[in-house]
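The briefing goes through the sheets and the interface in turn.

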Amino acid sequence: MASTQILPDIQARGYARPEVLVTTDWLVDHLGDPDLRIIESNEDLLLYPSGHIPGAVQVDWTADLNDPVRRDYLDRAGFERLMSRIGVTRETTVVFYGDKNNWWATYAFWVFQLFGHTQARVLDGGRLKWEQEKRPMTRDVPAFAATQYTAPERDDQTLRAFRDQVLAHMRAGGKLVDVRSPQEFSGERTHMAEYPQEGVLRGGHIPGAKSVPWARAANPENGTFKDAAALRAIYEGEIGLSTGDDVVAYCRIGERSSHTWFVLTYLLGYPKVRNYDGSWTEWGNSVGLPIERG
Amino acid sequence: MSAASLPPRLADVVADFEFVDRGLRAEMLIEYADRFVEVAESVASRPYPEANRTPRCESEAFVFVTDRPDGTLQLHFAVENPQGLSAKAWAVILDETLSGEALDRVAAADPQALYAIFGRDLSMGKGQGLMGMLDMVQHAARQRLAARAGGAERS
């Protein structure tokens with residue numbers, strides 16, 4: 001398989017890096033390709049066992065990508081073990097897909113990029129489009145021979161932003177995109193009514209942040225990404241981003257913002273976008289950090 | 001969480017999930033989801049009222065309650081996200097364990113039952129969305145209990 005193959009349907013949408021997306025038509029023709037590993041990542045953990053794309057493995061956010069104790073992602077050794085378990089080498093092209101407009105798929109994609117696995121693609125439309133088109137599904141869980149995978153140390157500098165970096169970024173007037181719901185952005189809502197476990201003590205947003213709920217980048221009818229012109233109208237026309245900007249995206253815990261990170265980085269070609277995975281559950285609980293409401 | 005803090009049928013479901021591994025837990029929950037039946041049009045029809053939408057539930061779950069002749073609640077649900085299997089499974093569990101249950105037992109049910117059934121792997125967003133469904137059911141039970149208490153005081 002040509003790892004940088006660009007599909008005409010995707011290229012027509014004007015993305016900066018169209019090779020990052022594959023279509024359902026393309027994937028159905030490449031099922032069983034030994035150089036390809038299909039990875040399903042969902043928010044809803046019942047979906048994969050209820051049926052998945054033949055040959056797909058599941059990578060689960062909680063069990064596979066997070067440190068079991070600290071609030072952090074898996075380390076280099078953990079990533080190597082994961083890659084070995086799912087039969088991936090450094091040369092394997094991984095194709096992510098999942099539920100919720102590929103929200104969790106792009107989150108897994110982002111974590112893979114922390115370890116430099118650049119042979120990575122996303123199935124446009126994800127699970128929703130695959131199901132809508134009645135493509136083949138199975139409940140058989142594949143097994144692959146373990147691989148020897150050597151990963152670099154996790155790169156926390158290029159694609160990831162930490163609290164103090166975000167504070168400095170904010171003070172310098174850097175661009176911030178808050179991808180949560182408008183109610184969360186305004187501070188109107190931090191948690192559900194009558195439910196005491198708020199998760200966050202203060203509502204609002206990081207001063208200077210602009211609100212673009214993450215799902216606006218997707219077509220709700222089939223989960224595909226909007227074309228580049230539509231995305232520019234949102235991120236450049238509405239909130240004034242431009243290609244050269246240093247951008248930090250955040251949400252509650254960094255998963256929704258990985259979707260926006262993906263859109264800005266790959267579809268619009270912004271060279272410097274970081275995901276603040278501490279996000280609002282860190283910022284809104286931190287003592288003394290500035291917050292804006294409304 | 002003790003079994004005494006749960007209505008009996010919900011306690012039974014929690015017990016069923018007590019010693020299952022991850023795979024079996026998923027299989028059991030999928031079986032619940034397979035039994036999901038959407039709210040009847042005689043109760044509610046699209047577009048469903050916003051007042052019935054579960055806050056922060058990404059699966060777009062809607063909760064409806066009707067009153068049974070014996071004064072208990074009949075629960076009904078809609079899940080607009082076709083991939084919202086967890087929401088469907090939870091809706092079936094709530095219906096099968098809390099419909100027809102005494103209102104005070106519904107209102108006092110320990111919400112931690114959710115995690116006992118689904119496991120601790122629930123994402124924060126998913127957990128809050130599912131918890132919101134129970135929250136709305138308990139809110140309806142409390143409203144009725146309060147109304148009855150008010151009625152009793154006036155009489």
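## Strands, helices and the contact between chains

In chain A of this predicted model, A:Ala249 stands opposite A:Asn275, a residue of strand E9(A), where helices (H or I, at least four residues) and strands (E, at least two) are DSSP runs numbered from the N terminus. The model is a predicted one, in which local features need pLDDT of at least 70 and side-chain atom pairs count only at pLDDT 80 or more, while totals for chains, interfaces and linings use all residues. Residues are numbered from 1 along each chain as its sequence is written, chains are lettered from A and ligands numbered from 1 in the order in which they are written, and side-chain values use heavy atoms, with hydrogens and water left out.

**Sheets of chain A**

- Strand E8 (residues 246-250) of chain A is joined to E9(A) by five bridges, and these strands run parallel; two strands are said to pair if DSSP finds at least two bridges between them.
- An open sheet of four strands, with parallel pairing, has the order E7-E6-E8-E9 in chain A, and its edge strands are E7 (210-211) and E9 (272-276), each of which pairs on one side only.
- Another open sheet in chain A has five strands in the order E1-E5-E4-E2-E3, again with parallel pairing, and here the edge strands, each pairing on one side only, are E1 (21-22) and E3 (57-58).
- Strand E2 (residues 36-40) of chain A runs parallel to E3(A) and is joined to it by two bridges, and A:Glu40 has A:Gln58 in E3(A) as its bridge partner.
- Strands of a sheet pair through backbone hydrogen bonds, either parallel or antiparallel.

**Helix and loops of chain A**

- Helix H6 (residues 103-114) of chain A lies across E2, E4 (93-97) and E5 (120-123) of chain A, and runs at about 150° to E4(A); axes are lines fitted to C-alpha atoms, for helices over the stretch in contact, and angles run from 0 to 180 degrees between N-to-C directions.
- In the loop between E4 and H6 of chain A lies A:Asn101, which has a positive phi of about 55° although it is not a glycine.
- A:Arg160 forms a salt bridge (a side-chain nitrogen of Lys or Arg within 4 Å of a carboxyl oxygen of Asp or Glu) with A:Asp72, and their closest N and O atoms are 2.9 Å apart.
- This pair links distant parts of the chain, 88 residues apart, with A:Arg160 in the loop between H7 (126-132) and H8 (163-171) of chain A and A:Asp72 in the loop between H4 (61-65) and H5 (76-85) of chain A.

- Strands E1 (residues 61-67) and E2 (residues 73-79) of chain B pair in the antiparallel sense over seven bridges, and B:Val63 has B:Phe77 in E2(B) as its bridge partner.
- E1(B) and E2(B) form a hairpin with five residues between them, and in its turn B:Gly71 has a positive phi of about 90°.
- The loop between H2 and E1 of chain B holds B:Pro47, and the peptide bond from B:Arg46 to B:Pro47 is cis, with omega near -5°.

**Where the chains meet**

- The contact (heavy atoms within 4.5 Å) takes 33 residues from chain A and 29 residues from chain B.
- The area buried between chain B and chain A is about 2500 Å², of which carbon and sulfur atoms give 53%; buried area is the accessible area (1.4 Å probe) that two parts lose on being put together, summed over both.
- B:Arg56, B:Glu58 and B:Gln83 supply 29% of the area that chain B buries against chain A, more than any other three residues.
- Between chain B and chain A the count is four salt bridges, and B:Arg22 forms a salt bridge with A:Asp60, with the closest N and O atoms 2.6 Å apart.
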